[in-house]
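Open the model in your viewer and keep the selection panel at hand. The stops below go from residue pairs to the whole chain.

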Amino acid sequence: INAEYMGKLAVFGMDSATSKPKDKVIFQSNRLVVSNVDVQSVEPVDQKTRDSLQKSVQLAIEITTKAQEAHARHEAEAREQKAKGELERQIISDKAETEKSRMVLLTLQADNSAVESMGTSKAEAKAKAEASVIEGDMQVTDAELKAQAEQALLEAELAVQQKAQEMEIEHTSMLDTLDIERSERLAGIETEKFKKQVTAIGRDTIKAMAQAGPELQAKMLKALGLQGYMMTDGNTPINLFNAASGMAGMAVAGPEA
């Protein structure tokens, strides 16, 4: 509801049929007809409300003014940016045209130089090609020589290793042969020693030792420098466990005797 509506309602009154303000009012005393109400201003009755309203109006005016100033400033900045952009584009376009012209000039100069130096270039190119071929051949030869040297070195190392292995095997074989010969000689010496002892003792003595009792056997063994003996005819099997036990018993009996 605005001020004009309220003014018409206050002056004309309410039409009960339409529930709207009446279109006019007639004063019967002088036949004065009022058909319109124009609101020039609205002033609150309360002073505080009036001051607040005035401040709001001033603030609205200031905001509107600042908005208009900002809008004008933005438009000016936009026009300035547009002008700068057009200027920069023009500068870039001019530089591009200049660069195109320079490239055309360089192309012409290169073509001219190529025509002038064609003969020299052919000779230099031929010389470079021949030099490249010679250098390539030298590199191939160098690589072949290195490969041959490495192969020879490898073969020599393998030969040395093989020779060392053969010498080690031969040395081990000789040591094994010497050990076998030594064992055989020692066995022969022991056998010969035993034969000589048997010959020195004599068959009769051995027979007497076999027939004598344990005490006498111990004394005879001690006198002969023997720790024990075992006799067999070569046909009867020998129980090594029992023979060892018997010799142990003889050894024990000897000291006691």
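How many salt bridges does a search of the whole structure find? There are three. This is a predicted model, and each stop below should be read that way.

**Stop 1: Glu-80 and Lys-84.** Select helix H2, residues 47–116. Then pick out Glu-80 and Lys-84, which form a salt bridge. Their closest N and O atoms are 3.6 Å apart. The two residues are four positions apart in helix H2, so about one helical turn separates them. Now show the surface. Glu-80 has 43% relative accessibility and counts as partly exposed, because that value falls between the 20% and 50% cut-offs. Lys-84 is partly exposed as well, with a relative accessible area of 41%.

**Stop 2: Arg-102 and Glu-99.** Stay in helix H2, where Arg-102 and Glu-99 both sit. How far apart are the closest N and O atoms of this salt bridge? They are 2.5 Å apart. Arg-102 is partly exposed, at 42% relative accessibility. Glu-99 is partly exposed too, with a relative accessible area of 36%.

**Stop 3: Asp-142 and Lys-146.** Move on to helix H3, residues 118–201. Select Asp-142 and Lys-146, which form a salt bridge. The closest N and O atoms lie 3.8 Å apart. The residues are four apart in helix H3, about one turn of the helix. Asp-142 counts as partly exposed, with 38% relative accessibility.

**Stop 4: two loops.** Go to the loop between strand S1 (14–15) and strand S2 (20–21), and select Ser-19.

Next, select Arg-31 in the loop between strand S3 (25–27) and strand S4 (32–34). Phi of Arg-31 is also positive, near 60 degrees, in a residue other than glycine. Is Arg-31 buried or exposed? Arg-31 counts as exposed, with 56% relative accessibility.

**Stop 5: a nonpolar surface patch.** Select Tyr-5, Met-6 and Met-14 together. They form a nonpolar patch on the surface. Met-6 belongs to helix H1, residues 3–12. At 44% relative accessibility, Met-6 is partly exposed.

**Stop 6: the whole chain.** Zoom out and colour by secondary structure. The protein has six helices and four strands. Along the sequence they follow the pattern α-β-β-β-β-α-α-α-α-α. Of the 257 residues, 7% count as buried. The accessible surface comes to about 22,000 Å², and carbon and sulfur atoms hold 58% of it.

**Last stop: confidence.** The average for the protein is 78, and 77% of the residues score at least 70. Then select residues 248–257, where the pLDDT is below 50. How many contacts does this stretch have in the model beyond near neighbours in sequence? It has six.

How values were computed: Residues are numbered from 1 along each chain as its sequence is written. This is a predicted model: local features need pLDDT of at least 70, side-chain atom pairs count only at pLDDT 80 or more; totals for chains, interfaces and linings use all residues. Side-chain values use heavy atoms; hydrogens and water are left out. Patches are made of residues with over 30% relative accessible area and no salt bridge: like charges are joined within 9 Å, nonpolar side chains (Val, Leu, Ile, Met, Phe, Trp, Tyr) within 5 Å. Accessible areas come from the Shrake-Rupley method with a 1.4 Å probe; for residues, only the protein chains shown count as cover. A salt bridge is a side-chain nitrogen of Lys or Arg within 4 Å of a carboxyl oxygen of Asp or Glu. Buried means under 20% relative accessible area, exposed over 50%, partly exposed in between (1.4 Å probe, protein chains only). pLDDT is the predictor's confidence in each residue, from 0 to 100. Contact means heavy atoms within 4.5 Å.
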